[in-house]
Amino acid sequence: MQVHEKGQGRQQEQLIYLDHAATSWPKPPEVLEAVIEAMQRDGANPGRGSHAMAVRASRILFDTRKVLAKLLRVKNPNDIAFALNTTMALNTAIKGSLKPGDHVIATAVEHNSVRRPLEYLKKSIGIHVTYVEPNEAGELDAKQIVDAITSSTKLVVVNHSSNLLGSILPVSDIGEITRGQGIKLLVDAAQTAGLLEIDVEQMGIDMLAFPGHKGLLGPQGTGGLYIHPDVELEPLLHGGTGSQSEAIEQPTVRPDRYEAGTQNAVGISGLRAGVKHILHETVQKIHTSEWMLTQQMMEGLLSVNGLRVLGPALGKPRTGIVSFVIEGADPSEIGFILDQHYQIAVRTGFHCTPLAHGTAGTTETGAIRASVGCFTTTDEVETFIAAVKEISQHYS
């Protein structure tokens, strides 16, 4: 178990952290070391000077693009633009690519980072949106996308894996459809970057939004957007880029066009270390470990009377997310008890995805979400199962 100090003035307690779908913790030691070294040694403004420290800061960004390109099978690292998080990346892709009258297809397991920009554009410029309904487990047949396509469809937005249900959507099959129809495909990889194999070319992905602070094991305030070389977006932000400063317009060169303002070089240095850790361990190894932990967790939880596990059935593909509800119990109360009495951190409520809760039939209650990470142990999962069983006895 990982040691975490809970509360000022309290003794250190053993914390079981099962909230990796929100932010991975703890980070690999090399991530912490990289952040400290960058702050101490390379803390200048990247791309804004020719002195040695600024050049080193710029090198951090360039090197991180290269390791990300290797992980995501991106041909040109300059097609990766850094962002503060997946939300910013998704907003850049959605708002930068759509025009009045355009039709967009999304799914009914999308995060609010997709739904809210789409709903905003519906009201502000008059786009049209179709939300394709997966089954209750969050599983989707790619043929449903075909049925939703119209003559004005310009974009398909797909959540690679639901942050509530853990279901994995058939991105490659959807990419084959969109490429054949000349429609752009935007993938929200918030729950899969670093955890599932991603090949943007092979999977037909035109834009891929990803966080740095989840499966990539980097600090918060990092993330990015891959933009296919054939895709041109209107920038979300306009301002200083360190290049073409004499021009009135935003530069056209990548990645500067999409990176106005000072970049988080210190955080990105930590992200580089996190991605290197993943490349060393391999995505396949990490995913296999997390899948086995979710199966162990599901087996234990399914033996609890009155408890319903959401998402794909036992043995089916999923990411490291197991959400559930207990009959007659308030999920927020369960989360509070787990935290205060068992020192187990989970996420409760609606997880910024009311669409997915509608799919799962938990719109009225919300759910409890436990999500494992690359450092989660089988002993921690067993302790969690035992705690839920003990708590559930008071509601039976």
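## Two domains

The protein is divided into domain 1, which takes in residues 16-26 together with 283-393, and domain 2, which covers residues 29-281. The model is a predicted one, and in it the C-alpha centres of domain 1 and domain 2 lie 27 Å apart. To the contact between them, domain 1 gives 34 residues and domain 2 gives 37 residues.

## Buried area

The size of an interface is often expressed as the accessible area that is lost when the parts come together. Between domain 1 and domain 2 the buried area is about 2,900 Å², and carbon and sulfur atoms account for 58% of it. On the side of domain 1, the residues that lose the most area to domain 2 are Val283, Leu355 and Thr359, which together make up 24% of what that side buries.

## Polar and charged pairs

Two salt bridges are found across the interface of domain 1 and domain 2, and 18 residue pairs, both members at pLDDT 80 or more, are in polar contact across it. Glutamate 281 forms a salt bridge with lysine 285, with 3.3 Å between the closest N and O atoms.

## The domain 1 side

The elements that contribute two or more residues to the side of domain 1 touching domain 2 are helix 8 (283-301), strand 11 (321-326), helix 10 (354-360) and strand 14 (367-371). Sorted by class, this side of domain 1 has 16 nonpolar residues, 12 polar residues and six charged residues.

Conventions
Residues are numbered from 1 along each chain as its sequence is written. This is a predicted model: local features need pLDDT of at least 70, side-chain atom pairs count only at pLDDT 80 or more; totals for chains, interfaces and linings use all residues. Side-chain values use heavy atoms; hydrogens and water are left out. Domain bounds come from an automatic or database domain assignment. Contact means heavy atoms within 4.5 Å. Buried area is the accessible area (1.4 Å probe) that two parts lose on being put together, summed over both. A salt bridge is a side-chain nitrogen of Lys or Arg within 4 Å of a carboxyl oxygen of Asp or Glu. A polar contact is a pair of N or O atoms within 3.5 Å; within protein, one must be able to donate a hydrogen and the other to accept it, and residues adjacent in sequence count only if both atoms are side-chain atoms. Helices (H or I, at least four residues) and strands (E, at least two) are DSSP runs, numbered from the N terminus. Ala, Val, Leu, Ile, Met, Phe, Trp, Tyr, Cys and Pro count as nonpolar, Asp, Glu, Lys and Arg as charged, and the others, Gly among them, as polar.
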